Every structure is written in C-alpha cells, then in structure tokens.
Number of protein chains: 2
Amino acid sequence: MMRRVTSFDVAARAGVSQSAVSRVFSGASASKATADKVREAADALGYRPNVLARSLITGRSRIIGLVVAYLGNPFYPDALERFSRDLQEEGYHTMVFTVPEGAGEVDTDRIIQQMLDHQVDGIVLASVGLGDALAARCEAAGIPVVLFNRGQAGSGLAQVTSANRLGGAKVADFLFSGGHLRIGHVAGWQGSSTGRDRTEGFLERLAALGRDCVGVEDGRYDHAEAVRAADLLLAKDVDALFVGNDHMAFAVMDHLRSTLGLSVPGDVSIVGYDDVPMASFAAYDLTTVRQPVGRMVKTTVIALINQIEDKSAQAEVTEIDGPLILRGSARIPEGLQ
Amino acid sequence: MMRRVTSFDVAARAGVSQSAVSRVFSGASASKATADKVREAADALGYRPNVLARSLITGRSRIIGLVVAYLGNPFYPDALERFSRDLQEEGYHTMVFTVPEGAGEVDTDRIIQQMLDHQVDGIVLASVGLGDALAARCEAAGIPVVLFNRGQAGSGLAQVTSANRLGGAKVADFLFSGGHLRIGHVAGWQGSSTGRDRTEGFLERLAALGRDCVGVEDGRYDHAEAVRAADLLLAKDVDALFVGNDHMAFAVMDHLRSTLGLSVPGDVSIVGYDDVPMASFAAYDLTTVRQPVGRMVKTTVIALINQIEDKSAQAEVTEIDGPLILRGSARIPEGLQ
DNA sequence: CGTGATTTTGCACACCTATGCAAAGCCTTG
DNA sequence: CAAGGCTTTGCATAGGTGTGCAAAATCACG
C-alpha cells in the first residue's frame, strides 16, 4: 500500500511551498505561473487534497445529513435519489440517517449526536413522521436545517413543502364539479402539518362551495389505518374519497375493489396526493395532486446551501404549487374532459 | 459559537495527560482510576471525540459508500433503508452515491474519486446496472467491496445474491405442475448476472421437465422494454409468463389487463421475482420468488465488515435461498392449494 | 529610476487525535 | 527486601491541510 501523495510532495516537485499548493487547490489567490507548476506536478503525482484534513481545519465537512424514517412510501426514495444527485452536483455528499419506527427520545438524541460527530454542514429532515424535538435539537446545535415536505409553524426553521392547502382546495373543486354528493376524506396524519394543511384546504373550499364533508377519518399515512378509515366512511355511504396521500389511496382502492367488490370510479371516486410514479400505473390510474419532487428538492438544496454559506441568511418558508393530475380513478367533470 | 471541547480540556480537568483521555475513548488499556476520572470530566464538559481528527490519523472513516443507480424499483429503497439501519448498529455510516442513468466512464471515475476522497472504509455496489468497470476500479483502489444483488464471475469479489438459478428453477417447476403448455419468459437484463442466472435456472429446469420455452425476450429491467417483450411473446400465444423481476411484472400485468383486456391468471399466468412489498397489493397479488432482503443485507454488512477488519479475509460468494410466494397472478397446481 | 501600492510567497502554527517509546508504577515471587 | 515482569502513563510526534503574518516580489506611475 503506497503512501498517500501529500501537498508537500507536490510542493517539492513544483519547487514551491506547501502553502502555495494549498492555495491553488482551495481557490485562493495565486499567480498564473505557480498555479500552472502546481497543477502539473499534482497531475504527475496523482495528488488529491485530503478531504479529512481539510474538513478538520476548516470545520466544514461538505456532508449533508439526510434524515428519513420510512422509505416504503415511494415518494421518499424518489426524493432521496434526487437529493443525492443534486447535492453531488453542488459538491456536497449525502449521509443517510434512518430513524427507527418508534422514534424515542433516546434514538433521536443518538442520531443528532452522530450527525454532530461527523460535523455535518447541514441537515435535511425528510419525513413527516419526525417529531418536532428532533428539529428543535438540530437547530439548537447550530446546524442549518431545512424541513422537507414537513412544516412546523412558528419554529423559525426553513421549510419546503408543496402548496398543501391549495392542493386540498383543488381536490374539493374537482370533486364538487364532478357532481359528487357525498364526499368523504381519509386524512393524512393530523399530527403532521402536511396532513392538516391538506385537510383544512379541502374542507374550507368544500364549505365555501356550500357542501359538507360527510366525514373525516385520520389514516395516519398507514396502509391498515387507511383501510380502517375508509370502512368507517363507506358506512356513511360516500360516493367520493379524498385520500391524504397516494400510498394510502392504493390501499383504499385495493380494499374497495378486491375486498368489497366496489367499482372505482363507478361506485366511489378516489383522489390521492403526491403523484408518485405508481399512480400512473394502469392498475390504479390514480387522479392525484402532484407534488413536484424535482423542484421541491432543488429548492431545499438551494435553501440549505444558502444557510450554510451565509449563516445570517433568512430561513425561508417555501411552498411549491403542483397541478391536479386527471386520471381514471375519479369521475371527470363534463367541461374538463 | 463556542470552541469545541478537546481531549486537552478533558485531560486538564481530570488531571491526566491528553493521551490518557485518548486511550480511554479509543478503548485502549487504562487503569480503572484514570478511566473514571476521565469519563467524569468528559461528561461534565460534554466532550465527544472528534471523528474527523480520529479518521485522519487512523485512516479509517467508519463510512461505507453505498452506490445505487435506480431507486424506482422498490427493491432498492427497501435494501437501502436496511443498510443504513444495520450499518448504524455496527457503528458505521452510509454515504449514498448515485450513478447517473448513462453511467459513462467519466461519471464512474468521478464517483470512485469521491469515495476515495472521503476515505470510505468499504463499498457496497447495490445495483444490477453498474458496469464491471466500477467494481474493478474499487477493487484496484484497495477498498473492500461487496456486490449486492449482483454477481461477477471470476472477479474474486465478495458478492451476495439470492439463489437466482434455483429461484428460476422453482418457477419452472411451479408453472409446469400448473399445467401450462406454452410458457414464455420476459427475462431480466441479460447483461447482468442476476438476469442471466434466473433465466438459465428457469430454462434448464424446464428442459429437464421435457418442456420447451416458447420464447425468451430481454426486458432489461425496464417498464417499456418489458411491455415490448411481452407483446412479442403474446404473439406466440403463451399461457404463462415468467417475468425477470416484480417491477417489470407489474408493467406486464397492467399491459395485459388494461391495454389488451386479457385476464390474469385466466388467460395468462404471471410470475415475478423479488417479492417487493407492492407484490402483495391486491391490485397485483403477484406470485413471485422472494428475495430475502433482510438476510441479504445483513450478510452483506457482515461480509464487508469482516473484510474491513481483517484485510486478509476471503471474499465470499453467498447465495441466499428464498421461497416462491403463491398468490393470485398464476394458476396454482392442484396439490399445492 | 525611485517610490508607494498591491500582489504573491513562505514560514510557522493550528486543527485534534492516536500511538511508539521510554520512564515510572505496580505486582509477583524467590 | 530485591529482582524481574507486566501495566500504566506522559512525552513527543505524526497525520495533511488551511491561514495570519510579514517578507519578498511585482506593478503602476511620475
């Protein structure tokens, strides 16, 4: 095993001092002449700056901690892949932290400790289920944080979500003009801002249209819970369900069709939220509100890097609008065809 | 922003030397008395060893590079989540590297360079699509590598897969005893060992049973390609299709049912491979060979850590058997009901 | 060519921990 | 009690880079 090539080796070969080499590679000022000599020597020796040493001294690791809880909902793998890619392009790297199911205080603390240990430059909290405590602690540790697909009112934290209230309202409009008379709602987890916002936007618009919601049940972003919730609403004889995310919507559709033998959208119209890739599969062909993952991720990355590079930067709260995607799981109003 | 507390601070407070502190925290020998003093002082000051400095000097980062290509196939998010969790438990951390679609030589080199830069202790190559060049280069760089769900004959690299040939054979047995007469095969990408092995195991067993395969088409682990392949085989009037992975099987089922109006399994039986969570959704209810992700990941982690901690450790090739999961997408033989 | 302003360069140190080495401490045993 | 073996401890240095500071070099300009 060969010894690593260091900046001293390069310096020796180029006939300059080590600091000159350092300056060339860290982008500080240097004359064209020395820069050329250094680069040539570096290429010849196959030199690459030691990231660890660099991080040790600058205190910046160029590593971002990405905290996720549950990748079973295909929205998150998609996001994760994009995060990794986008961050790579910005010269950062992604370290994944998985927070266990029952995220106890102890687990949370351990994860934060690990992120601090690795001197992560910034943190993306990318899961609805993550308790507020985690966010607060990260913030307290003095590390830039951005909440992804998750809000926290009055926290002063940067956050990027889709326009959830507006999205909910869009669904209300759509189901209303589709002529549905008994509309129910399998809500996203009401302990999360996304869940609450979608629900509120939906209910408010429905009320504004002069129509009551037949019932609201919390599906907790969980398969089994969603099915249970749907059953409760079906007992109230609904003809349309707005389901808080696609993941639950699939479970509900399966249940309606396979277990209960109902037709979607014949007997019940279903509308989801997210537009995960699977929503366009023919088996579901789900009408849903698209969360523009690509733009959400890009926005998150930019916001985070801004905070990292300019510590005084304001923590922004961004909402990104997404369209309602019309497919076959819900009756389509006349005019929209 | 407070200065970090260092081992010197702890040493001063405990009345010992810095090396004593270091020894206590790195598990080297120390007397009970000093260990107690050090720990007490450390707790009081909130000291934690600086991972970067430690890595710099030991040359071990306790970071594992996880290289993935495509998270659209839900098999991989599942694996990723488990990797992150299991590695965390072993005191390692996961840095995700995404290799772009058309993995050119340049991209590959850049990724390896980045992993070397971060002095990753080990690498998991977790994607069928990754070229052999990448694996070879990692190996050449002297970093322990384990191929996950991907083989490479004669490479001398450690690898963990499911028993793909055997799995293929199981499907052959199953379709045969189901009384199918015209069996076709939408193969996994034949440029990958998993794809080839499943196909070979399937065809060999079929031949041994005295039955020909009506046709084999490469679906390249891609939605559109799989549909195209299925069309070619349907032209040959098949009554059963073994599809190289679940992801493609979903596409094929959608195509058969929605576009062509065929019944599954009435007109055509479909069998997949992987048993991703979605396979059990009622909309597909896919009969498939389970890849035991949990055990595959655990095995990979152990193999990798063995290699890291004992550089002379043999690179093992492990195959893990998985059962055929009977569901509703394929006609079930009399006796098995 | 001389003077002052500006850029470039090298020196030395900081970042924080692990570890080889020798001295010091302890325990054991005859 | 002395000698010898083992454990513990402190000293000093390595690991590879970035950066403040002062000296040196370059430049502009009269």
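# A tour of the predicted model

Start in chain B and select Glu81 and Arg85: being 4 residues apart in helix α5 (residues 75-89) of chain B, B:Arg85 and B:Glu81 are separated by about one helical turn. Keep in mind as you go that this is a predicted model. Show the side chains and you'll see the two joined in a salt bridge, with 2.7 Å between the closest N and O atoms. How exposed or buried is each partner? B:Arg85 is partly exposed, at 24% relative accessible area, while B:Glu81 counts as buried because its relative accessibility is 12%, and buried here means under 20%.

**Next stop: B:Asp173 and B:Arg205**

Stay in chain B and pick Asp173 and Arg205. They make a salt bridge too, and its closest N and O atoms are 2.5 Å apart. This pair ties together distant parts of the chain: B:Asp173 sits in helix α8 and B:Arg205 in helix α9 (residues 193-208), 32 residues apart. For B:Asp173 the relative accessibility is 30%, so call it partly exposed. B:Arg205 is partly exposed as well, at 30%.

Hop over to chain A for a moment and select Arg165, Asp197, Glu200 and Glu204. Salt bridges with shared partners connect A:Arg165, A:Asp197, A:Glu200 and A:Glu204 into one network.

**Back to helix α8 of chain B**

Now click on B:Ala169, which is in helix α8 (residues 164-177) of chain B. How far apart are B:Ala169 and B:Phe202 in sequence and in space? They are 33 residues apart along the chain, yet their C-alpha atoms are 4.5 Å apart. B:Ala169 is buried, with a relative accessibility of 4%.

**Across the chains**

Color by chain, then select A:Asp117 and B:Arg48. Their side chains meet in a salt bridge, 2.6 Å from N to O. Where do the two residues lie? A:Asp117 is in helix α6 (residues 105-117) of chain A and B:Arg48 is in the loop between α3 (32-45) and α4 (51-58) of chain B, so this pair joins two chains. A:Asp117 counts as buried at 13% relative accessibility, whereas B:Arg48 is partly exposed at 34%.

**Charge on the surface of chain A**

Switch to a surface view of chain A. Select Glu89, Glu90, Glu309 and Asp310: A:Glu89, A:Glu90, A:Glu309 and A:Asp310 form a patch of negative charge on the surface. Zoom in on A:Glu90, in the loop between α5 (75-89) and β2 (93-98). A:Glu90 is partly exposed, with a relative accessible area of 42%.

On the surface, A:Arg54, A:Arg60, A:Arg62 and A:Lys311 gather in a positive patch. Within that group, A:Arg60 belongs to the loop between α4 (51-58) and β1 (63-68) of chain A, and its relative accessibility of 35% makes it partly exposed.

While chain A is up, color it by domain. The assignment gives domain 1 (7-49), domain 2 (63-162 + 293-320) and domain 3 (164-291 + 324-336). Between domain 1 and domain 2 of chain A, the C-alpha centres are 36 Å apart.

Hide the side chains and look at the backbone. Most residues other than glycine have a negative phi, and most peptide bonds are trans. Here are some exceptions to click on.

- Select A:Val264 and A:Pro265: the peptide bond between them is cis, with omega near 10°. A:Pro265 lies in the loop between α11 (246-259) and β9 (269-274) of chain A.
- Now try B:Val264 and B:Pro265, where the peptide bond is cis with omega near 5°. B:Pro265 is in the loop between α11 (246-259) and β9 (269-274) of chain B.
- Go to B:Arg62, a non-glycine residue with a positive phi of about 55°. B:Arg62 sits in the loop between α4 and β1 (63-68) of chain B and is partly exposed, at 35% relative accessible area.
- Finish at B:Asp237, which isn't a glycine but has a positive phi near 65°. Look for B:Asp237 in the loop between α10 (223-234) and β8 (240-243) of chain B. Buried or exposed? B:Asp237 counts as exposed, at 55% relative accessibility.

How values were computed: Residues numbered from 1 in each chain as written. Chains lettered and ligands numbered in written order. Predicted model: local features only at pLDDT ≥ 70, side-chain atom pairs only at ≥ 80, totals over all residues. Heavy atoms only, no water. Patch = residues over 30% accessible without salt bridge, like charges linked within 9 Å, V, L, I, M, F, W, Y side chains within 5 Å. Areas by Shrake-Rupley, 256 points an atom, 1.4 Å probe, with all protein chains shown as cover. Salt bridge = Lys/Arg side-chain N within 4 Å of Asp/Glu carboxyl O. Lys, Arg positive; Asp, Glu negative; His and termini not counted. Charge placed at Lys NZ, Arg CZ, Asp CG, Glu CD. Buried < 20%, exposed > 50% of the residue type's maximum accessible area, 1.4 Å probe, protein only. Domains from an automatic or database assignment.
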